[in-house]
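These are my notebook entries on a structure that I looked through piece by piece. I wrote down what I looked up and what I found each time.

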Amino acid sequence: MSQMQNVLTEIRERIALVTINRPEALNALDEQTLAGLETVFGELKEDDSAGAVVLTGAGEKAFIAGADIKQLSSLNPVAAKEFSRRGQAVTKVIESFPKPVVAAVNGFCLGGGCEIALACHMRLAGKKTRFGLPEVKLGLIPGYGGTQRLARLVGRGAALEMMLSGEMVSAQEAYRIGLVNRVVEDEVLVEEAFKLASSIISNSPSAVRYCLEAVNSGTQMPLLAALDMESTLFGLCFATEDSAEGISAFLEKRKPDFKGKQGDT
Ligand code: CO8
């Protein structure tokens, strides 16, 4: 694994802990940090020693306090569009990652940081966490997918309230509107994210991958096409050793030993 100053990676118990590491700037996303995230996720995709990712921010104050506002100050409209596309590319890498990505959201989760959290597959928040899309206060709109992913996750009304007011919401409010899966004590946030990731990776890796694919691709399709894709993926499960093992283990009343390999068919 590459080790970068701004993005740290450590693999424990088959789970990669990826930490955004710019605590002095509340982990704001500058170009180097975005590139670091892209590199790390690229490497983890190919790394069989990690079956899931937990993403968090260094220090106690912030997950990510947004895009680096200093870097935004010099942009013209063309460069700003490119800047938005660059961040969107990173959110797409995370969203379409073939292994589960759990955000352990600690402290401020604002702007581009909230958009990175939205791209993760699941979000756990510490009690002190605060979410917000404050871009309107800077004369901007969210540009790393926030206008689209937040509305799809929590619905138009709640998403527009956050976006148009620019105000932060508490972890509890984020839970109420469906922005986070769960709120836990701040001290055990990463541990809880690991527990969730660990329970997921005890299941069939190929089935987990197909679930992610079905939900990620299917939610962008008309329902009938998405249902068709679900059937195709369901069929493909039967080309894996995992389905044979999972079904046999149930019938033989034992724990399955999943390998996550494709079968011959
Ligand atoms: N960018 C750069 N530096 C930051 C950022 C940021 N987003 N957030 C905090 N910092 C820095 C501060 O400048 C400060 O640095 P220094 O010590 O050198 O002055 C350090 O982090 C600590 O911050 P504060 O002293 O401000 O800490 P407070 O506890 O007083 O306040 C807040 C914490 C409330 C989080 C405050 O820092 C804040 O409001 N930050 C900005 C939040 C924000 O507006 N985020 C959205 C940014 S815009 C965005 O993300 C757009 C994404 C899409 C872009 C599309 C491309 C065009």
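**Entry 1, helix α9.** I looked up which residues of α9 are buried, and I found S206, V208, Y210, L212, N216 and G218; buried means under 20% relative accessible area, exposed over 50%, and partly exposed in between, with a 1.4 Å probe and protein chains only. I noted that this is a predicted model, in which local features need pLDDT of at least 70 and side-chain atom pairs count only at pLDDT 80 or more, while totals for chains, interfaces and linings use all residues. I also noted that residues are numbered from 1 along each chain as its sequence is written, and that side-chain values use heavy atoms, with hydrogens and water left out. Helices (H or I, at least four residues) and strands (E, at least two) are DSSP runs, numbered from the N terminus. What covers the buried residues of α9 includes α3, α8 (189-201), α10 and α11, where contact means heavy atoms within 4.5 Å. I then checked the length of α9 (residues 205-218): its 14 residues should span 20 Å at 1.5 Å a residue, and the end C-alpha atoms are 19 Å apart, which agrees; the expected span is 1.5 Å times one less than the number of residues.

I turned next to α3 (residues 77-95), which has 19 residues and reaches 27 Å from its first C-alpha to its last, close to the 27 Å expected. Which residues of α3 are buried? I found F83, S84, R86, G87, V90, T91 and I94. They cover an arc of only 155° around the axis, which puts them on the same side of α3; the arc is that of the directions from the helix axis to the C-beta atoms. An α-helix has 3.6 residues a turn, so residues three or four places apart point the same way. On the other side of α3, I found P77, V78 and K81 exposed. The cover over the buried residues of α3 includes α1 (31-46), α2 (69-72), β5 (101-105), α4 (112-119) and α5 (146-154).

**Entry 3, an aromatic pair.** I looked up the aromatic pairs and found 3 in the structure; rings of Phe, Tyr and Trp (its six-membered ring) pair if their centres lie within 6.5 Å, and planes under 30 degrees apart count as stacked, over 60 as edge-to-face and the rest as tilted. One of them is F41 with F97, an edge-to-face pair at 5.1 Å centre to centre and 90° between the planes. F41 lies in helix α1 and F97 in the loop between α3 and β5, so the pair ties together parts that are 56 residues apart in sequence. Both F41 and F97 are buried.

Most residues other than glycine have a negative phi, and most peptide bonds are trans. I therefore made a note of N27, whose phi is near 60° and which is buried, with a relative accessible area of 0%. N27 is found in the loop between β2 (15-20) and α1. K253 also has a positive phi, of about 55°, but K253 is exposed, with a relative accessible area of 78%. I located K253 in the segment after α11 (241-251).

I asked myself where D30 is found, and the place is the loop between β2 and α1. D30 counts as buried at 10% relative accessibility. Its side chain makes a polar contact with the side chain of T33 (2.4 Å); a polar contact is a pair of N or O atoms within 3.5 Å, and within protein one must be able to donate a hydrogen and the other to accept it, with residues adjacent in sequence counting only if both atoms are side-chain atoms. Not counting residues up to four places away in sequence, D30 touches N6, R22, D68 and Q71.
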